Amino acid sequence: MRTIPLLIALVAVLAAPALAAEPLRYTGEETLFQDTVWEGEVHIDGILTVAPGTTLEIRPGTVVRLSRLDSNGDGIGEHELFVQGVLRALGTAAEPILFTSAEKTPVPGDWGAINMMASEEDNVLSHCTVEYAYRGFHAHFARGRLSDVVFRRNVRALQFQESTVSLSDCTVEDNLNGLQFRNSEVTLERLAIRRNDWGLRCVYSDVRVRDSLFEGNLINGANLRDSTFSVERCRFVGNRKGLYLQRSRGTVRESTLLDNSEHGIFLEDSQCDILGNRVAGNGRAGVKWVDSEGIFQDNSLVDNGEYALINDGEGAVDARGNGWGTTSAKAIAILIRDGADRAGLGLVDAGGPLTTPVAQGK
């Protein structure tokens, strides 16, 4: 008779590891009202809210899976993590945190978002991967600090407005849209933004970008409209337009704009200083200048497709002190399209071409 209790005890011991491996599960609409720590596996089958004043900490190596629900068939997953408190997802290089779809055959848009709302403290994501969301990172009136985060295969990798967000050492690749924001203060350092339809686009924002790569984005590497900006030591390579600036003010310095199929830099109704950049191999023109102002000096404008510089605005362009690959006035004139070619357009002054190598972008 003592055999049966022993067998029961043995079964319990053997089952213990299996029970420990079961994911923490949230179903339907649930809310965290107390500070919570996650580790291991977490499955969200609904909308999980982190209440105001509550902190959710996610430890290294945690995998968070969200199931798919698209009740109206619009391609936008509805299950999400909705943060009204504070999120601290702190992975490590050895043990990153993964946010992903719970589906066996995942697709972009399976789940909704890591959604931040009205936070005064920084939401922090470090050493994370975010994939198969409709919006990987989504914020309104919030603060975010992201480092070493990979966004891949999302419909929109990051989308936010009225927020303060910094990203460093992050990768945004193979999404439909990369970064999209408005009315925000944004700092971007050492990013790789590549192979998205749109790389970066924003309106009404203050943007600082340094040491970052925009490569192979189908439409534009970066498109800033009605914004203030500084771009330093960046590379815009193999996009349709490298850098498209509309009604914006700022500086592009010591950067490389290379092999973009249309234009390296397209300025439209902007105030922009363009200093010490390498602009080469771009299909239609290295720089297209439309009704804009600013200092344009110490740039290398060599080996672009149709033109080194196009002035399609009514005003003149002071392009003295740049390198054209030649000092021949006649040869430089061939590299420029302006009022000398089309009536009604302003002229370009390309006097004083540089005879020594100019400062080069990265």
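Modeller: Take Asp169, which has 31% relative accessibility and therefore counts as partly exposed. The model is a predicted one.

Biologist: Where does Asp169 lie?

Modeller: Asp169 is in a loop, with strand E14 (164-168) on one side and strand E15 (171-173) on the other. Its backbone is worth a look: Asp169 is not a glycine, yet its phi is positive, about 55 degrees.

Biologist: Which loop holds Arg233?

Modeller: Arg233 sits in the loop that links strand E23 (228-232) to strand E24 (235-237). Arg233 is not a glycine either, and it has a positive phi of about 50 degrees. Its relative accessibility is 28%, so Arg233 counts as partly exposed.

Biologist: How many helices and strands are in the chain?

Modeller: The chain has two helices and 36 strands. For one stretch there is also a record: UniProt, in an unreviewed entry, lists residues 161-330 as "domain: Periplasmic copper-binding protein NosD beta helix". Such an annotation may be inferred rather than shown by experiment. In the model, residues 161-330 are 55% strand and 1% helix.

Biologist: How is the chain divided into domains?

Modeller: There is a domain 1, residues 24-190, and a domain 2, residues 214-361. Their C-alpha centres are 38 Å apart. For the whole chain, the C-alpha trace spans about 105 × 35 × 35 Å along its principal axes.

Biologist: What share of contacts joins residues at least 24 apart in sequence?

Modeller: The count takes contacts in the chain between residues at least 6 apart in sequence. Of these, 32% join residues at least 24 apart.

Biologist: Next, the surface. What percentage of the residues counts as buried?

Modeller: The chain has 362 residues, and 50% of them count as buried.

Biologist: How far apart are the mean positions of the positive and negative charges?

Modeller: The chain has 36 positive and 49 negative charges, and the mean positions of the two sets are 3 Å apart.

Key: Residues are numbered from 1 along each chain as its sequence is written. This is a predicted model: local features need pLDDT of at least 70, side-chain atom pairs count only at pLDDT 80 or more; totals for chains, interfaces and linings use all residues. Side-chain values use heavy atoms; hydrogens and water are left out. Helices (H or I, at least four residues) and strands (E, at least two) are DSSP runs, numbered from the N terminus. Buried means under 20% relative accessible area, exposed over 50%, partly exposed in between (1.4 Å probe, protein chains only). Contact means heavy atoms within 4.5 Å. Lys and Arg count as positive and Asp and Glu as negative; His and the chain ends are not counted. The place of a charge is taken as NZ of Lys, CZ of Arg, CG of Asp or CD of Glu. Domain bounds come from an automatic or database domain assignment.
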